Amino acid sequence: MDAAKHPHMQGGASSSLSSCRAADYSAACDAVQQQKRQRCQGSSSNDQVGSSTENNSLQASGPELDYGENEEEDYYFDDEDDGCYDDEGSDYELDIVDYNQQLADKFDDLDLPPGVEATVPWLQKVERDEPGKYKSMSEIDDEIAKKYNFFKQFDTVEDFLDHHYAKNSVGKARKEWAKRIQHDWNLLEKDLPALIYVRVSENRMDLLRAAMIGPQGTPYHDGLFFFDVQFSASYPATPPVVYYHSGGLRLNPNLYNCGKVCLSLLGTWEGHSCEKWNPAQSTMLQVLISIQALVLNEKPYFNEPGYERSANSAEGQRRALEYNDTTFQHSCRTMLYSLRRPPQHFEDLVAGHFRERGRAILAACKYYMKGHEVGSRVPEEEEEGKEESKNSEGSSSSSAAKPQHNKLALRTGHGPSFKPNLEVLFEELLMEFNVKGADTAKFRAEKLKNQPAPA
């Protein structure tokens with residue numbers, strides 16, 4: 001095409017040619033680009049008659065191009081040819097659904113933290129023929145809450161793809177073996193205590209997964225702890241084997257960083273005869289209750305053999321408090337581990353639990369950083385405000401009359417690294433909880449307030 005005969009297209013021609021300066025672009029590519037610019041100019045012209053005449057002349061004068069293998073390239077060039085759209089005179093309207101889909105496609109191969117996709121509309125896959133299908137934040141929050149509220153304490157699933165013992169086969173199931181495991185299932189479904197959740201497999205009766213919420217008043221409070229269990233072929237003659245999802249952290253003398261669970265009932269530690277596994281009486285329910293009551297307790301330091309002898313000494317109590325400081329930090333790291341990689345079939349529990357308890361966990365972090373004992377009761381906002389008001393207005397006589405339990409809760413024995421480490425964990429938890437929809441407005445406002453003013 002002769003650009004001199006069409007002066008209104010010279011600017012567009014020079015712009016597109018500048019983008020095609022790479023030496024590996026072929027002559028056929030230039031021809032494709034020229035024809036595409038001609039179509040765009042023709043569609044944006046206000047004079048329809050002139051436009052049609054111009055297009056006819058172009059078709060008559062130019063040779064018919066055989067695109068052949070370049071048809072696929074032509075599809076991708078469409079995205080790059082920005083000169084085809086005139087912002088001032090075009091009637092083109094942005095299709096937000098199509099735009100969101102294109103953005104989402106660019107993130108298909110990225111390993112994003114769990115929950116991010118749910119909070120960013122253009123990271124959600126949307127059907128092109130259903131505009132506005134992606135959900136609002138309030139709808140996502142409602143869905144998380146609904147799934148959490150309906151999450152059963154005991155339920156069956158098809159299988160466990162990420163189970164620690166998934167590759168360990170127990171062979172062909174015996175009738176007596178299967179009957180005994182079904183007996184354990186019935187006990188679990190009927191008598192599971194609060195804060196314990198269990199999933200068993202229909203296709204692999206030998207596999208079980210349990211989640212425990214850390215009890216209040218302990219350094220494990222509000223944490224989520226996961227255990228994978230396998231019933232061996234000789235069960236119940238031998239106890240089940242249990243693996244703890246530690247994330248490489250040892251937060252209890254009985255829970256090793258390699259995943260080992262040290263318990264007399266499981267035969268992994270010495271104990272009196274009454275504490276050991278009894279094939280006729282011991283059950284999986286008993287194992288879970290023992291872990292909850294005996295392992296996740298208020299002073300886990302004294303679970304270490306021999307340490308219980310120092311429980312009544314000042315030195316023993318000091319070491320126990322130091323151990324609690326470390327344990328709580330490990331528990332916070334375990335929370336992050338679970339949030340980012342929730343075990344299969346417990347995704348709804350993880351999301352819902354931390355959405356509901358995130359605010360309380362962050363408040364506990366703040367409370368402990370002020371010097372209070374880990375595991376001590378964290379006052380509600382109203383109580384905390386009243387207490388701070390009394391401290392600021394009270395005299396020496398009034399401070400002397402403060403309740404004794406408040407004095408005990410405040411301590412100066414935190415190690416030098418406790419506060420800075422917990423501050424880092426607090427920031428990570430704040431981000432993760434915010435993604436899950438937890439009520440973090442107070443802490444985000446405080447963070448914004450404490451940021452230094454720009455120079």
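**Note on the predicted model: sheet, helices and cores**

1. Of the 455 residues in the chain, 38% are buried. Buried means under 20% relative accessible area; exposed means over 50%, and partly exposed lies in between (1.4 Å probe, protein chains only). This is a predicted model: local features need pLDDT of at least 70, side-chain atom pairs count only at pLDDT 80 or more, and totals for chains, interfaces and linings use all residues. Residues are numbered from 1 along each chain as its sequence is written, and side-chain values use heavy atoms, with hydrogens and water left out.

2. The chain has 16 helices and five strands. These are DSSP runs, numbered from the N terminus: helices are H or I with at least four residues, strands are E with at least two. Contact means heavy atoms within 4.5 Å. Among contacts between residues at least 6 apart in sequence, 65% join residues at least 24 apart.

3. Start with the sheet. It is open, has five strands in the order β1-β2-β3-β4-β5, and its pairing is mixed. Two strands pair if DSSP finds at least two bridges between them. β1 and β5 are the edge strands, each pairing on one side only. On average, neighbouring strands are turned by 20 degrees against each other, direction ignored.

4. Look at one pair of strands. β3 and β4 run antiparallel and are joined by seven bridges. One example is Leu207, whose bridge partner in β4 is Gln230. Helix α9 packs on the sheet and touches β2, β3, β4 and β5; its direction makes about 30 degrees with that of β3. Helix α11 (residues 347-369) also packs on the sheet, touching β2, β3 and β4, and its direction makes about 160 degrees with that of β4. Axes are lines fitted to C-alpha atoms, for helices over the stretch in contact, and angles run from 0 to 180 degrees between N-to-C directions.

5. Next, helix α8. With 17 residues (175-191) at 1.5 Å a residue, α8 should span 24 Å, and its end C-alpha atoms are 24 Å apart, which agrees. The expected span is 1.5 Å times one less than the number of residues. Buried residues of α8 include Trp177, Ile181, Asp184 and Leu188. An α-helix has 3.6 residues a turn, so residues three or four places apart point the same way. The buried residues of α8 pack against β1 (154-157), β2 (196-201), β3 (207-213) and α9 (284-295).

6. Which residues of the largest nonpolar core touch the most other members? They are Leu188, Val198, Leu208, Phe227 and Leu288, in a core of 36 residues. The elements giving two or more residues are α8, β2, β3, β4 (224-230), β5 (241-244) and α9. α9 gives the most, with six. A nonpolar core is a set of buried Ala, Val, Leu, Ile, Met, Phe, Trp, Tyr and Cys residues joined through side-chain atoms within 4.5 Å.

7. Leaving aside neighbours within four places, its contacts include Phe154, Leu188, Leu208, Leu288 and Phe346. A second, separate core of 33 residues includes Phe151, Met335, Phe354 and Tyr367.

8. Ser338 is found in α10 (residues 314-340), and at 2% relative accessibility Ser338 counts as buried. Beyond four places in sequence, Ser338 is in contact with Leu224, Phe226 and Val350. Thr334 is also found in α10. Thr334 is buried, with a relative accessible area of 2%. A polar atom of its side chain lies 2.8 Å from the backbone oxygen of His330. Not counting residues up to four places away, Thr334 touches Leu224, Phe225, Tyr244, Ser246, Leu249 and Leu251.

Note on methods. Polar contact = N/O pair within 3.5 Å; in protein donor to acceptor, adjacent residues only side chain to side chain.
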